[in-house]
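User: Could you take a close look at one part for me, the helices of this model and the contacts they make within and between chains? I'd like the cut-offs spelled out as you go.

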Amino acid sequence: MLGFVIQRFIQAVGVMAVMSVIVFCGVYAIGNPIDIVIPPEATQDIREDAIRRLGLDQPLYRQYFIFMSNLLQGDLGRSFVYNIPVLDLIGGRLPATLELVLISVISATFIGVTLGIYAGYRPESWLARTIMAVSVLGFSVPSFWVGLILILTFAVNLGWLPAGGRGDTVMIAGIEWSFPTLNGLSHILLPAINLALFKLAMMIRLARAGTREIMLTDTIKFARAAGLSEATILRRHLLKLISIPIITVFGLELGSTLAFAVVTETIFSWPGVGKLIIDSIAVLDRPVMVAYLILVAFLFVTINFVIDLVFALIDPRVRNGVSA
Amino acid sequence: MNDASTPLRRFWAEFRENRIAVVALAVVVLMILLAIFASLVSPQNPYDLANLSLMDSRRPPGFVGSGGYTHLLGTDPQGRDLLSAIFYGLRISIQIGLAAGFVSLTIGTALGILAAYKGGRIEALVMRLVDLQLSFPAILLALVIVALLGQGKVQLIGALVAAQYAYFARTAYGAAKAERGKDYIEAALATPLSARLVVMRHLLPNCTPPLIVVATVQIANSISLEATLSFLGLGLPVTEPSLGMLISNGFPYMMSGRYWISVYPGVALIILIVAINIVGDQVRDQFNPRLRK
Amino acid sequence: MTDPVLSVENLCTHFFTRAGVVKAVDGVSFDLARGEIMGLVGESGSGKTVTGFSLLGLVDPPGRIVRGSVRLAGTELTTLPDARLRALRGREISMIFQDPIATLNPMLTIGQQMKLAIDAHERLSRRAATARSTELLTQVGIPSAAARLRAYPHEFSGGMRQRVAIAIALLHRPAVIVADEPTTALDVSIQAQILLQMRDLARETGTAMIWISHDLAVVSSLASKLAVMYAGRIVEQGPTATLLRDPRHPYTAGLIASLPAMTKPGTPLTQIRGTTPSLLSLPPGCPFAPRCGKTTDRCREEPALTEENGRGWRCFHPEGSNQEVPA
């Protein structure tokens, strides 16, 4: 078990290192950022001074080493545009994104798994067919379009909910949150639905496919032959067997939802990191882009690592080192 | 069961039983035709500046413009007939989706079969890369690449391919690997049969059904991803507005009640994507031996 | 014969598929006495397993029992409401399957799975349930049973897993156990052990058993009575010894002739020509006719059951006795 954890940890660190190189090289190949921070009419002296100050005169590998050593000290550089430390910039925006993502993914998982198990258990019922039709929609309709329609319906036409912004927030543990206030909740509702819909469809499909497959296995037949009630079979056997793919996808989706928040945040003017990165790409604010990508990569690797550990805890085969 | 018929005909007979899938297929075919013949069916050439008049901009559906014809779906901020713009936008969206889909299919399949066939270090390297990429959200990857390469049709297709080839590689690899492990392939390789023959005759045909399924889904995804990127302002240049850009153009006017500029291109986009997905679903069910009774 | 514990009459289970109706079980009848072991023999696809599932009411859609009766200790099962049928499953009639790797849930310990099977029918304290589970595991030959309750299925060998499955099936001392090729997936040596153990257990507990197998040799060493299935029907049944010595149905005769033990060493084994027919497109009449050497025009009709001295067969031209069924 300990060996497994250490092995996975080393793997995670390795992936992180590779990602940092890829991200750094990739992003630093874009355009010349000096043209953005320095007005075109500036003198050559001011220009060169700025290049030196930002370290852009160093060779690329030197820039990477400076970047890495700074990164390990928690210094990700300063935004070219805002001229404040990137970490502060992103740190200030991250809670908004995390709040949105967590609310979306968790509710999508609970609702989606429930609906999916039902749809897989009674595939011929009309309710199951309805659930699946909705999931096909949620799966194929682009999320920016759903956001648009949500705004058009609930904000423009009905006027029930605000079209954007974060609303009133409450400070808890030094971080601002929207969900505890009624006004904040009304602001988060539409973006959360927007972001959750795709995940919901995905969870429904996953749970349905898993349920259908598992219900046909001899494990379930044998449990029935032993006289177990359907409720017990679903609760004790199915839920346990289906948990492995669900947890895997939950982890993956947490990461990809973080990325997809880019779209939702842009539509709903949600002041999170997603909106920040879109703005930064538009003006080639390299430190912010690099930091954001490193952050996403870091969250990805961390989530995968945690998922591996969770597997080891719930699946006896992994725990004992048997390949399942 | 009619054993005398060809597999294709049997496939179609089964496909035909799902009425919704048949309708969806008809819709897909219709939309492709509309895209191909956009210049014939459009009441106006929306990109001929001589046709446009700012007087006609942002008019509601049914408005009779200075060109003398009725704008069934209204006009956009530049005064273009929205219906015509949608037909032309459809053309660009489908072009991008098909191009990205086929390039990803080719590259992904080649990589997947290579990994399964060669094994060893190549297999480890290729599949590690593919897995790493699959765990990374496609949209983010596409975002970075568009940011890197700049805007344009080729860059956009490049970004979509980079974001999607991995799905094909995974699928081809899975199917080819399963087949590669079977005794008859080992036996075939032991005979002086050329490697190419093994790949072409045995590995590739076995990958085909799952790849067709992935291809349908991924073409729909390409179209959707392209629309999303265009919506975020990172897609095609303004001179070639796809459906996504038409939607994006109308977004600022939505708050003031001029819904049609965004909504109608969006409806066209949704119908296209949903129809492709329904067809893909049916094809997948038909290819899945476990669901067949 | 005393009152049978299980009595099956004209059981028909059909599958309503897209391609047509598959008559997997088509008019099966037999009786099983208390403590008796019956072998149900046939090729794969002959409907043995579906017969087993039908007895427990476990046929999955699109299949369903369309006709016939299954009486367990006087209770008609085919018309029983789901809840009451469930209460009988595992308690009065239970089943074990071919592949022990697939039957046990890999995510639950053996103890948890046994507890679930106990809870389905009885309210026992945790301690009593553990005691009962340990006792049964010991009975089926699992060493240090109490400790093994905390183990997961993957920690057992295939043979041990099958023993666990047998222990679960025996938890409530059912009157009937349906064993669907439970030793086919195991090594030959372990197969023999489990076979003998099952026979002894059945004898001790008075449990009757239906042993489903494609292997006539395995079944005949165990069962006192045989039923031979072909294309969804029982074509011949009777006491094992009689059937082996003096088969009437040409199919039974073919099966026996293809057994290595029944053939002189050095002579080639005989085989039944042709393959199992598709149950979808079964022509009317005797289903074995296309593969039979004795087929005549009469075989285009379905042969009725001929009964004689506690045995029965369905054939117009039976082997051995040279007697033709009068037209």
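Analyst: Happy to! Helix α4 of chain A, residues 60-72, has 13 residues and spans 18 Å from its first C-alpha to its last, close to the 18 Å expected at 1.5 Å a residue. That expected span is 1.5 Å times one less than the number of residues, and the helices themselves are DSSP runs of H or I with at least four residues (strands are E runs of at least two), numbered from the N terminus. After α4(A) comes A:G74, with a positive phi near 80 degrees.

A word on the ground rules: this is a predicted model, in which local features need pLDDT of at least 70 and side-chain atom pairs count only at pLDDT 80 or more, while totals for chains, interfaces and linings use all residues. Residues are numbered from 1 along each chain as its sequence is written, and chains are lettered from A and ligands numbered from 1 in the order in which they are written.

Staying in chain A, the axes of α10(A) and helix α11 (residues 273-283) come within 7 Å and cross at roughly 90 degrees; axes here are lines fitted to C-alpha atoms, for helices over the stretch in contact, with angles from 0 to 180 degrees between N-to-C directions. A:A261, A:V262, A:E265 and A:T266 of α10(A) meet A:G274, A:K275, A:I277 and A:I278 of α11(A), where a contact means C-beta atoms, placed from the backbone, within 7 Å. By class, this contact has four nonpolar, two polar and two charged residues; Ala, Val, Leu, Ile, Met, Phe, Trp, Tyr, Cys and Pro count as nonpolar, Asp, Glu, Lys and Arg as charged, and the others, Gly among them, as polar.

Chain A also touches chain C, through 20 residues of chain A and 26 residues of chain C. On the chain A side, α9 (218-225), α10 (230-267) and α13 (316-319) each give two or more residues, and α9(A) has the largest share, six residues. That side divides into seven nonpolar, six polar and seven charged residues.

Chain B meets chain A as well, with 30 residues of chain B in contact with 31 residues of chain A. Here α6 (138-149), α9 (195-231), α10 and α11 of chain B give two or more residues each, and the largest share, nine residues, comes from α11(B). The chain B side has 22 nonpolar, seven polar and one charged residue.

Two of those helices also pack against each other. The axes of α10(B), residues 243-254, and α11(B), residues 260-287, come within 7 Å and cross at roughly 150 degrees, which makes α10(B) roughly antiparallel to α11(B). Residues in contact include B:L246 and B:F251 from α10(B), and B:P265 and B:L269 from α11(B). The contact of α10(B) with α11(B) divides into ten nonpolar, four polar and no charged residues.

Finally, chain C is assigned domain 1 (6-83 + 177-313) and domain 2 (102-171), with bounds from an automatic or database domain assignment. The contact between them takes nine residues from domain 1 of chain C and ten from domain 2 of chain C. Helix α8 of chain C, residues 188-205, gives the largest share of the domain 1 side, five residues.

Conventions: Two residues are in contact if their C-beta atoms, placed from the backbone, lie within 7 Å. Angles under 35 degrees count as roughly parallel, over 145 as roughly antiparallel, 65 to 115 as roughly perpendicular and the rest as oblique.
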